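Thanks for letting me look this one over. My comments follow as numbered points, starting with a loop and then moving through the helices.

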Amino acid sequence: MKINENGSIFLSDDPRFQRTADQEEQGKGKGGNVFAGDLNLVKDPVVQKREEARNKAMKVITDAFSNEKKIDEDIRSRYSKISDYEKQSKEISEEMKYIETEMEKLREGYQIDRDSQEYQELMLLEKRKDAEANPKIKLTEEEKEQLKQIDERGLTEFQQRSMELYEPMNELKENLDEAKRGIIIEGATIRGIKEERLKHHPIVDAVKEKDAILDAANEEIYSMLVDEVKDHLDEEMEEEKEKAEEKAEEKKEKEEQIEEIQEKIEELERLTNPEKAEEEKKTSEQDSDMDRQIKNVLEMDAIRTDVKKEVENIADKMKLVVEDLKGLKVDELL
């Protein structure tokens, strides 16, 4: 009993496991053609059981690999998202750096010192813009009052042009934060998947389940073969028994037919020659059986024709050959 590398099940050298190949060879004619009429279209239960087990085992392995493939594809997809987020983050950062560079050039062009009131007011205007986009940024009452005074007075040319450059900055910051969050989330998900994989061994478990399925099928096939052999032997014994009974019955009927014919022959002899029959009775008491039979054969010439006709009629009715009846009679006389 063994299982080969392809998952096929073999049980010792039992010919039942070769029956599929034998059926195929039997169905081949000259030139290797297969004729449907020569094939057994009723599927062999052993072959069917083996195929069912192999299909079931293959499905277990296929499903396990399919699930692993889906996980691998999911991980690759998340790495791809991380790559997109990193690219997006880089582009946003470069754009923000460009804006800051342009604002710095503007400050230098207007010769505005960083410690000047005009520049400090610009920083406060930027903070108000940031607070509008981010609720976490809070303005103090003093800052609000200062901003009110700036609005009433109006912005300087430097402040106005700087705020125009700063306008898309908050949207860029929001997009940058979103990209960074995406990188963190996808990275954490990938780590979680890999950690979970270390806790389980789906492929190893699938191989074990496959082996268990094939082993169970192997045992079932062995049991099926044993039962089939038993049934076959029982059928053969029953057939032999029936044949023996039929032969015994035929022998009995034949003996009865012979006995009936012999009785008819004796009856005819008595009817055709009653004196001879009486004489034979007396002689039989004196002579031995052998002498009596020889004497009867010699004395039956006178009535042979009539007896022969009657015997032939009886033989026709009994479906026996005349020569056989003569042989039986001669054997009996001898």
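**Notes on the predicted model**

1. Q111 sits in the loop between α2 (45–109) and α3; helices here are DSSP runs of H or I with at least four residues, strands are runs of E with at least two, and both are numbered from the N terminus. Q111 is not a glycine, yet its phi is positive, at about 55 degrees. Most residues other than glycine have a negative phi. Q111 is exposed, with a relative accessible area of 72%; buried means under 20%, exposed over 50%, and partly exposed in between, using a 1.4 Å probe and protein chains only.

2. A word on conventions before going further. This is a predicted model, in which local features need pLDDT of at least 70 and side-chain atom pairs count only at pLDDT 80 or more, while totals for chains, interfaces and linings use all residues. Residues are numbered from 1 along each chain as its sequence is written, and side-chain values use heavy atoms, with hydrogens and water left out.

3. For the overall picture, the protein has 11 helices and 2 strands, in the sequence order β-β-α-α-α-α-α-α-α-α-α-α-α. Of its 334 residues, 24% count as buried. Among contacts (heavy atoms within 4.5 Å) with a separation of 6 or more, 73% involve residues 24 or more positions apart.

4. The C-alpha atoms of V46 and I221 are separated by 6.1 Å, although the two residues are 175 residues apart along the chain.

5. K105 and E102 meet at 3.8 Å, N to O, and they are separated by about one helical turn because they lie 3 residues apart in α2. D74 is partly exposed at 28% relative accessibility, and E102 is partly exposed at 24%. Elsewhere, E68, D72 and R197 are linked in a network of salt bridges; the structure holds 15 salt bridges.

6. How do α3 and α4 cross? The axes of α3 and helix α4 (residues 141–153) come within 11 Å and cross at roughly 110 degrees; axes are lines fitted to C-alpha atoms, for helices over the stretch in contact, and angles run from 0 to 180 degrees between N-to-C directions. That makes α3 roughly perpendicular to α4, a label given to angles of 65 to 115 degrees, with under 35 counted as roughly parallel, over 145 as roughly antiparallel and the rest as oblique. On the α3 side, E121, L124, L125, K127 and R128 meet E143, Q146, L147, I150, D151 and R153 in α4.

7. D130 is worth a look. This residue is found in helix α3 (residues 117–133) and counts as buried, at 13% relative accessibility. Leaving aside residues up to four places away in sequence, D130 touches I137, Y166, N170 and K173. The side chains of D130 and N170 are joined by a polar contact of 3.5 Å; such a contact is a pair of N or O atoms within 3.5 Å, where within protein one must be able to donate a hydrogen and the other to accept it, and residues adjacent in sequence count only if both atoms are side-chain atoms.

8. N170 leads on to helix α6, where it is one of the buried residues, along with others including M169, L172, L176 and I193. What covers the buried residues of α6 includes α2, α3 and α5 (157–166). The length of α6 (residues 169–199) agrees with expectation: at 1.5 Å a residue, its 31 residues should span 45 Å, and its end C-alpha atoms are 46 Å apart. The expected span is 1.5 Å times one less than the number of residues.

How values were computed
A salt bridge is a side-chain nitrogen of Lys or Arg within 4 Å of a carboxyl oxygen of Asp or Glu.
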